[in-house]
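Please keep the sequence and the 3D view at hand while reading.

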Amino acid sequence: MTSPARRISSLGCLLLLALIAMAPAAKADPYHIQVQNDALGTEQGIHRQQWLAQSFVPATSFFLSRVSLYARDRSPSEVLTVQIRPSFGGFPDSASLAGTAVNGPSSAGWLNFDFDPYVELDRNLTYWIVASSNALSGQGYDWWRSGSNSAYPQGTGAFTPNGVNWSNGTQDFAFRVYGFHQPILAFSVSASRLTLDAGQSVVFTMNFSNTGLGSANSVWVNVSLPPQLSFVSDDAILIGGIRSGAYSFKFTNVGSRFWSFRLTASAVGAVPTGTVAETVFVFEGTDHNGRSFTRVVHVASTTILNPGSTSSDFPWWILGVAAIPIAAMVFLFWRRRSIDLSVEEVFVVHQSGILLAHQSKTLTPDKDADLLAAMLKTVQDFIQEAFSTRERMPMRGLQFGEFSILIEPGRNHYVAVVYRGQDDGSFASRVGDLSGQIEDRFGITLASWSGDMREVRGIRDLLPVLWGQEPEASSEARDRRKGRARHWRQVPDSATEGESPEHGARVGETRFTDEEG
Amino acid sequence: MPPSTAYKIKVCLVGEAAVGKTSLIRRFVLDQFDDRYTSTLGAKTTKAEIAVEDPETGEPVGIAMLIWDIMGDRHVPESLLQAYFRGTQGVIAVCDVLRLPTIERLRDWVQSVYSVAGALPTICAVNKADLLREAEAIYEGNDLNARIASLGAPHFLTSAKTGENVRTIFHRLAEDVLRRHRSESVTLPDA
């Protein structure tokens, strides 16, 4: 007799198989017809005194991988050479973009010429397929014509007796051009929760999409779980993913569509409350050229709140009862704060515009963080130039919709925070403290930074403070900041002159004197 | 698997308008922003992630190149250009093989960068090499070669159309910047 649990398990397996079967067939190769003329008429010979050519115009840019001619070999020992050439003066240019040769069969049919490396073609430009043979007349190849010069209206046939002087033919030739388009990939991650107790699970949902016309040869999602999280399960197989190691997921021939899979992990015990577990997601891929796309890295921070110690004679219920009103007050305070202000993204950027560290709460950026940081610096430079009068005053913020960007400049860096909600001033102070800590610990490095990321790796460890994961800055830290402000006033730096905090204060606000008062 | 990013460097592409800077970039890099940013702000940033050989260990080193595509229009204020050049670690100076004045103006562009960031590893890209035959017919080959050689920096004939040397100039510049960081000798043009 089959148990209900077993029936459910069997049903799950069937559902899994059904989902796999429903997955769309991937475009498994780089050979997709891009341009063709299949109309067949009569043949024309190719030999050392007569080379033939056919022009074509790609409607979209693509990588050419193969050309097929409807042809036959008239002498078994001869090879037929096919070249792709640009157009010059209405005929094939003397220079070739690529070429290849095959020894075809004596029977007529589509004869394939594969190109390696692939040839990149631009849309709306004219290219020529040039077919040549060193065989004597009557011993080369036959290429079939189409019986008309309008069989392929965008191109024309041509011939030459010596490989140099070309003339227009009267008919198009039968040909097919294969290739592939480039994929356009995007990747994002979301977490089901930002905090969890020991034993509780968090589900990471990884989404990637290909909005390009072509497929990606391979795509990897590499997940590095921190020691505080233990792998439970994943469902990558549902979309054809193959898991290996801990934990790499590979997908091949990723066509144009949206993909999503999940990984579940649970918090292990015996870690201090408040421990931040960082899960790193790396997304990489290659096109059919073997060329890598820009890797995307996301980090999901999960805070372990309760280690879950239970074995003790201590009357925990008393502590529990006492904690209820405290918890209620904390909740109300937290709720008010969370309604007031929600931090979405933090960027720490070198004065050159290079991103030093980045952390995201939403984990769904569709833009590269390095590029965002660089463009933000460019916009700041532009605004300063456009609106500053005598002094170069740094931009301190932007607003768009429900989001605000707070910018806190330092001597050789700035911190930009994207947040939602209203700041009563305390948040700006925390950002200032963060910027001060960066200055304290990395100021000397940043003053003559060479671009070596190892030297600034520790900056990222400071960012969780903006999510309230560390105590707010002490009065000692604020004193240090005041000292820095004085230092800036006393020792102006030509590279940052005019960027001191007092210049950056908003109208009606003197940031550092507020605290002194 | 490509090596992880060990270095991030800032590179500026400079040169007169319509010499093909943006086309060279499109051929090689991650380009997420509309080109209208270039005409509005006077610059746009793109990114290329490459691997070059470590001059000390021979191991591959991942380098993220953040590339400022600087608008070649002379109406962009010099002070704004200087802000964009700040922190630059390498320069690709681009000219058009068919337009002699764009070659002659390169020295001014490079000096403008050097005045902010000091002498830097620099590569000259003589672009539109697919039209070299026409250029030689116009200028006579020797004269053109002499002018290109007088730039005083490593130079390459490039073509955004065919891809000729596009990868080479970015890789060569990344190698020069890395060697400079490692205190190795890199030939710098006169500042």
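Which residue in β22(A) stands opposite A:Ser218? In this predicted model, A:Ser218 has A:Thr286 opposite it in β22(A). The points below set out this pairing, another sheet in chain B and a helix of chain A.

**Strand pairing in chain A**
- Strand β17 of chain A, residues 216-224, pairs with strand β20, residues 248-254, in the antiparallel sense, and six bridges connect them.
- Within β20(A), A:Phe251 is the bridge partner of A:Val219.
- β17(A) also pairs in the antiparallel sense with strand β22 of chain A, residues 275-286, here over seven bridges.

- Six strands of chain B form an open sheet with mixed pairing, in the order β2-β3-β1-β4-β5-β6.
- Its edge strands are β2 (43-53) and β6 (155-157) of chain B, each of which pairs on one side only.
- On average, neighbouring strands of this sheet are turned by 25° against each other, direction ignored.
- Strands β4 (residues 90-96) and β5 (residues 122-127) of chain B run parallel and are joined by six bridges.
- Opposite B:Cys95 stands B:Val126 in β5(B).

**Helix α4 of chain A**
- Helix α4 of chain A covers residues 426-447 and bends by about 65° at A:Arg441.
- Several residues of α4(A) are buried, among them A:Val431, A:Leu434, A:Ile438, A:Phe442 and A:Leu446.
- The buried residues of α4(A) also include A:Asp433 and A:Glu439.

Definitions and conventions. Residues are numbered from 1 along each chain as its sequence is written. Chains are lettered from A and ligands numbered from 1 in the order in which they are written. This is a predicted model: local features need pLDDT of at least 70, side-chain atom pairs count only at pLDDT 80 or more; totals for chains, interfaces and linings use all residues. The bend at a residue is the angle between axes fitted to the seven residues ending there and the seven starting there. Helices (H or I, at least four residues) and strands (E, at least two) are DSSP runs, numbered from the N terminus. A residue is buried if 20 or more other C-beta atoms lie within 10 Å of its own, exposed if 12 or fewer, and partly exposed in between; C-beta atoms are placed from the backbone. Two strands pair if DSSP finds at least two bridges between them. Axes are lines fitted to C-alpha atoms, for helices over the stretch in contact, and angles run from 0 to 180 degrees between N-to-C directions.
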